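Keep the 3D view open as you read.

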Amino acid sequence: MGTRGNSVFQPEGEMAERVRQFDWRRTPLGDRKNWSDALKQSVAIVLASGAPTALRWGPELVRIYNDAYGAILGNRHPAALGKPRSEEWPEIIEEIGPLCAAILSGERSPFFAENRQWHVRRRDDRVEEARFTVSCSPVPDRTAPNGIGGVLVTLIETTGQHHVQTALRESELHFRLLVDAVVDYAIYMLDPHGIISSWNSGAQRIKGYREAEILGQHFSRFYTPEDRAAGVPERALAQAAGGAPYRAEGWRVRKDGSNFWASVTLSAIRDETGKLVGFAKVTRDITERRQSQESLRRAQERLAQSQKLEMLGQLTGAIAHDFNNMLMVVGANTQLVKRRMVDPPSLRAVEAIEHAASRGETLTRRLLTFSRRQTLNPIVIDIRERLAASRAVLSSSAREDIELVFDLPQQTWPVLVDVPELELALVNIVINARDAMPEGGTIRIGGGNVHVSPDDPLDDLTGDFVALSVTDTGSGIDPELLPRVFEPFFTTKGPDKGTGLGLSQVYGFARQSNGTVRVTSNPGEGTTVTIYLPRAAGSVVGASRPPPEVEGRSGTERILLVEDNPEVQEVTAAFLEELGYRVSLADNADAALVLLAAEQDIRLVFSDIVMPGAMNGVALARRVRSAYPHIAVLLTTGYAPQQELIDDTLAVLRKPYRLSTLSSTLRATLDRARAANDRRLASD
Ligand SMILES: Nc1ncnc2c1ncn2[C@@H]1O[C@H](COP(=O)(O)OP(=O)(O)OP(=O)(O)O)[C@@H](O)[C@H]1O
Ligand SMILES: [Mg+2]
């Protein structure tokens, strides 16, 4: 736009030129010189306007338009100039024509519409959909019949803008659908203060809130009260606002108050100017993953623990076996020497040796038990009945300021156990409980039948068990130390106070009895040790006391002693002779069979179980039984590598043994054999 001269305004541009050049005499408007002032003025305004503007003048609605309007007309321009309503753009004129006519006649007020959709042909005759914002206003002219000379039309094309908006709306919708389709993730937005401003179906599924009840709330309500008190949500916002997304795992709270383990990402959202407009929060419920990881870790720990105990067991078992033979020699020889001793000082010295040897025996016995190489003589018992019999022993293991409560149910399944070992295990546990309660307290012995299903095995065990638990109200065990309590020599008691073998015995005994043991503890509150013993079939053997052991000579029969260790053989032979028996010697099973064939008067075979050569003591015993049914067999061992091979009809004497025990056992075995022989002879 510009001015020529300094008084008369002349619009510039292509259309201004065309209007001037146009031969208006061929149109209903007639010669330009005769146009009314209103028309001239209006044409000047149209041509000077920056907006796409046109004028429709007179009853025929002849069109005059500006450059911007021409651009919208496409290939209809410039032919559209000076055309009456009937001659151009039929697509639009259908609507605009009657409208303009009505405005011109004063029948209707100005018209305005946004984004109106029309189908137009303006390129290659192709019909295209276009959108316009349009306004039509009357132009006053005093010379016109009803004071309105024409209509001023402003036409702004909004097709492009409309497409952009539609695309934007669609993409927003798609995004919304996408976000909502993700049900495994809670995806939602927060405003810069942490107020929730959007919600997806995943969020509803994971957290339990519906969109309507959670929008407008602060996101800190998903945190635990402890985390809220510690300011965790605020720190998360601050960190995310600082730049890098905030990532964390932690407990979150659902609407119903339950907790889940969440993996969360919080990222700041900024507009083009960098201003913080809010946060995007993505939360995933990984409780199950965490649980399976946890249980895997625990299973691995337990496995490592049991492998360690297994290894320690093999080690201690091997050491204990050798010790047993040595202690057998020391113990037996002292007993023999003592019987011939009269001088009191020497007697005291020998007694000191004997005492030390017997302590060594106890230690070795516990080690053997831990390594599950103890020679067990299991019998089927009723736990409750046996406990009643052990009451005095257990009470004396505790102290006066400790109350011992027996709390077992009336009926428990029978179990197959070695009774002295069970009693020793309980004593060990009770002593531990006592030591954990220096100020006094209560020890409760309880338990009952439990069924262990394959879904939730106890170590590697399933089936029916009788649980025997000992609960104290003592100091408890530090969780760090808990996994170590079964290890041999693990003790927290001072030097000379504990050997760290008590629970090792309990563990070995329980495992060797085909059961297991568990310890649970709350520091400061107490400890429970539970022994699980498998349910046994068979009838219960009553709690009768063993016959009193007889001292002195016990018989004169010939005994075949089978023992590979020369020192043990020598001292055992001395024992047997001391008791009055006659003795034949063999180093192994084959030699024993040769002697049995040669010597007619052998009445009993007393054999070690573990021996070099193809045949061990158990195999020898079976051979003797079938070939010489009248000969009694007594086995002995300090070490039972193949406990399962020994059937319960074979008598086994545990090494090391005392002279008195040997005496009574031999006598009983010989007498039983004699009685069986008499029965056999009578029935023949
Ligand atoms: N009831 C209990 N309360 C607290 N701690 C216990 C309890 N039972 C066992 N412990 C802990 O386990 C450790 C090992 O126990 P364990 O019976 O094997 O050995 P010890 O008692 O130390 O020695 P020992 O029994 O050979 O005399 C103990 O030193 C103690 O720290
Ligand atoms: Mg102990």
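This is a predicted model: local features need pLDDT of at least 70, side-chain atom pairs count only at pLDDT 80 or more; totals for chains, interfaces and linings use all residues.

How many residues of domain 3 are in contact with domain 5? There are 13 of them, and they meet 12 residues of domain 5. On the domain 3 side, H10 and H11 each supply at least two residues, and the largest share, 11 residues, comes from H10. By class, that side of domain 3 has 6 nonpolar, 6 polar and 1 charged residues.

Now follow helix H10 (residues 287-339) to helix H15 (residues 566-578). The two pack at an angle of about 35 degrees, with their axes 9 Å apart, and H10 passes H15 in a left-handed crossing. If you display the side chains here, you will find Asn 325, Met 328, Val 329, Ala 332, Asn 333 and Leu 336 of H10 meeting Glu 567, Val 568, Val 571, Ala 574, Phe 575 and Glu 578 of H15. The contact between these helices has 8 nonpolar, 2 polar and 2 charged residues.

From here, turn to the interior. In soluble globular proteins, nonpolar side chains tend to be buried together. In this model the largest nonpolar core has 44 residues, and those with the most contacts inside it are Val 415, Ala 425, Ile 429, Val 430, Val 506, Ile 531 and Leu 533. Among the elements that give two or more residues to this core are helices H11 (344-370), H12 (383-397) and H14 (502-512), along with strands S12 (415-417) and S16 (526-534). The largest share, 7 residues, comes from H13. The core draws at least three residues from each of domain 3 and domain 4. For a close-up, pick Leu 533: leaving out residues up to four places away in sequence, Leu 533 touches Val 415, Val 417, Phe 465, Val 466, Leu 468, Ser 513 and Gly 515. A second, separate core of 39 residues includes Ala 357, Leu 620, Val 633 and Leu 659.

Is Ala 589 buried or exposed? Ala 589, found in helix H16 (residues 589-598), is buried because 26 other C-beta atoms lie within 10 Å. Beyond its neighbours within four places in sequence, Ala 589 is in contact with Val 562, Met 611, Gly 613, Met 615, Ala 619 and Leu 620. His 451, in strand S13, counts as exposed because it has 9 C-beta neighbours inside 10 Å.

Finally, look at the backbone in some loops. The peptide bond from His 77 to Pro 78 is cis, with omega near 5 degrees, and Pro 78 lies between helix H3 (67-73) and helix H4 (90-104). Another cis peptide bond joins Lys 655 and Pro 656, with omega about -10 degrees; Pro 656 sits in the loop between strand S21 (651-654) and helix H18 (659-683). Leu 61, which is not a glycine, has a positive phi of about 55 degrees, and Leu 61 is buried, with 22 other C-beta atoms within 10 Å. Asp 459, also not a glycine, has a positive phi of about 50 degrees; Asp 459 lies in the loop between S13 and S14 and counts as partly exposed, with 16 C-beta neighbours inside 10 Å.

Methods:
Residues are numbered from 1 along each chain as its sequence is written. Chains are lettered from A and ligands numbered from 1 in the order in which they are written. Axes are lines fitted to C-alpha atoms, for helices over the stretch in contact, and angles run from 0 to 180 degrees between N-to-C directions. Helices (H or I, at least four residues) and strands (E, at least two) are DSSP runs, numbered from the N terminus. A crossing is left-handed if the near helix is turned anticlockwise from the far one by less than a right angle, and right-handed if clockwise. Two residues are in contact if their C-beta atoms, placed from the backbone, lie within 7 Å. Ala, Val, Leu, Ile, Met, Phe, Trp, Tyr, Cys and Pro count as nonpolar, Asp, Glu, Lys and Arg as charged, and the others, Gly among them, as polar. A nonpolar core is a set of buried Ala, Val, Leu, Ile, Met, Phe, Trp, Tyr and Cys residues joined through C-beta atoms within 7 Å. A residue is buried if 20 or more other C-beta atoms lie within 10 Å of its own, exposed if 12 or fewer, and partly exposed in between; C-beta atoms are placed from the backbone. Domain bounds come from an automatic or database domain assignment.
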